[in-house]
Amino acid sequence: MPPATLETRTDENEWIWESFRYHSRTFSLAAQFLPRSVQLPVATLYLYCRRVDSIADQRVLEVGPDQALDEVEAVRDRLHATLAGRPPGDEVLWRRLGEVHERYDLARPPLEELIEGAVWDLKDRPIQTEDDLIDYSNLVGGSVGAMMLPFLTDDRRDDRLEMAARQLGIAMQITNIVRDVGEDIDELDRIYLPTAWMQKHNVAPAALEAGECVDGYPALLEEAMQVAEQHYRRSYDGIAALPFRARVGIRAAARMYREILNEVRANTYDNLNRRAYVSFGRKMLLVAYDNYDWRKARLRS
C-alpha cells in the first residue's frame, strides 16, 4: 500500500516506479530498455499484478484462504469499476490504472485471468500434469504477457503477437517455479512441479520439504527447464516482430529471466536451500550477447 504522504503526481510516479523496482529487479531493469513513454504505464500495470499476487502469496498467511478469496473478489470488483471508467478514488493504484486504461484500452480477459490464477492458489488446486502446469502458468504468467501488448505494438489484432506474448509469460512463470521450489514449500506449503513428474523421477514431496536434493531431482528440474525453454523459443518470432525499442526491452527481459535456469544449474540444482539469481553484470552482458546455450552446455558437462 502507498504511504499517506504522496502529495503530488511526481510523488506518485516515484512510488510506483520504486515499488516496481522493489518487487521485480529483473523486469524493472529490462523495462528501462522500453520506450520511455510506456515505462510508467508498465510499472502501474505491474502493481496491479502484485496486488493480486500478494493476496494469494502473502495476505493468505495472515487471514486464511476464505477471507483471501473475499479480498480477491473485492479486487475483481475494483477492476471492473476501473475498466468501466469509475476507478475507486481512495487508492493511487486504481486511479492511475484507470488513466492507463483510458490511454491504452487494456484488454479485460488477461486482467481477469490473473485473478483466476490467484483463485487457483487459494482453492489449493493441485498441479498434477504438464497440462496443469501450462494452464496455471498461462493464468498467472501468460496473462501478463497479453496485458503488456498495448504498450508494445499498435497491431494488437495479430493473434501471433498475443500467442508469442503468452508463450513468453508461461516461460517466465515456469522459470519462477523452478527458482522458488524451496521458498514455495517453506512459505506457502505449495509445490508447483507436476506430481506426475515427481513420480516419474522418484522424488517424494517429503524429501523436498526436508530440503533434500535426492538423486532424481536434477532430472526433474531439467524436465521443467526444457518446457520453459520450449516456450521461450516459441516467443521469439513474436518478439522479432515488435517495433525496435519494444523488441530490445522484451528481448532483454526474456534473456535475463531465462538465465535464472542456468543459475539453478550453477547451484547444482539446489533450489531448496539456495536462491538462484542473475548478477547485474551478467544481465547487462545478456542484453548485448546471448550465450545461454553455451553456458548451459558447460554447466551440464
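In which helix is the place of K296? K296 sits in helix α15, residues 292-300.

## Basis of the model

This is a predicted model, in which local features need pLDDT of at least 70, side-chain atom pairs count only at pLDDT 80 or more, and totals for chains, interfaces and linings use all residues. Residues are numbered from 1 along each chain as its sequence is written, and side-chain values use heavy atoms, with hydrogens and water left out.

Helices (H or I, at least four residues) and strands (E, at least two) are DSSP runs, numbered from the N terminus.

K296 is buried, with a relative accessible area of 18%. Buried means under 20% relative accessible area, exposed means over 50%, and partly exposed is in between, with a 1.4 Å probe and protein chains only. Not counting residues up to four places away in sequence, K296 touches E229, N262 and R265. Contact here means heavy atoms within 4.5 Å.

Axes are lines fitted to C-alpha atoms, for helices over the stretch in contact, and angles run from 0 to 180 degrees between N-to-C directions. Angles under 35 degrees count as roughly parallel, over 145 as roughly antiparallel, 65 to 115 as roughly perpendicular and the rest as oblique. A crossing is left-handed if the near helix is turned anticlockwise from the far one by less than a right angle, and right-handed if clockwise.

Helices α3 and α7 (residues 130-152) pack with their axes 10 Å apart, at an angle of about 155 degrees. That makes α3 roughly antiparallel to α7. The crossing of α3 past α7 is right-handed. On the α3 side the residues are V38, P41, V42, L45, Y48 and C49, and they meet V144, M147, M148 and F151 in α7. Helices α3 and α5 also pack with axes 10 Å apart, at about 130 degrees. That makes α3 oblique to α5. The crossing of α3 and α5 is left-handed. Residues of α3 in this contact include S37, L40, T44 and R51, and those of α5 include L93, W94, R96 and Y104.

## Aromatic residues

The structure holds 8 aromatic pairs. Rings of Phe, Tyr and Trp (its six-membered ring) pair if their centres lie within 6.5 Å; planes under 30 degrees apart count as stacked, over 60 as edge-to-face and the rest as tilted. One of the pairs is Y48 with W94, which is edge-to-face, at 6.1 Å centre to centre and 70 degrees between the planes. This pair links distant parts of the chain, with Y48 in helix α3 (residues 36-63) and W94 in helix α5 (residues 92-104), 46 residues apart. Y48 is buried at a relative accessible area of 0%, and W94 is also buried at 0%.

Elsewhere, W17, F20, F27 and Y46 form one aromatic cluster. R125 lies over the face of W120, 3.6 Å from the ring centre. A charge sits over a ring if NZ of Lys or CZ of Arg is within 6 Å of the ring centre and within 35 degrees of the ring normal.

## α4, α6 and L111

The axes of helix α4 (residues 65-83) and α6 come within 10 Å and cross at roughly 175 degrees. The two helices are therefore roughly antiparallel to each other. Among the residues that meet are L69, V72, L79 and L83 in α4, and L111, I115, V119 and L122 in α6.

L111 is placed in helix α6, residues 108-122, and counts as buried at 1% relative accessibility. Leaving aside neighbours within four places in sequence, L111 is in contact with L45, Y48, L79, L83, L106 and M147. L111 and M147 are 36 residues apart in sequence, and 6.9 Å apart in space, C-alpha to C-alpha.

## V181 in α9

V181 lies in helix α9, residues 181-188, and counts as buried at 5% relative accessibility. Not counting residues up to four places away in sequence, V181 touches L193, Y217, N271 and L272.

## Loop residues with positive phi

D124 is found in the loop between α6 and α7. Phi of D124 is near 55 degrees, a positive value in a residue other than glycine. D124 is exposed, with a relative accessible area of 59%.

T268 is placed in the loop between α13 (244-266) and α14 (280-288). T268 has a positive phi of about 55 degrees although it is not a glycine, and counts as exposed at 57% relative accessibility.
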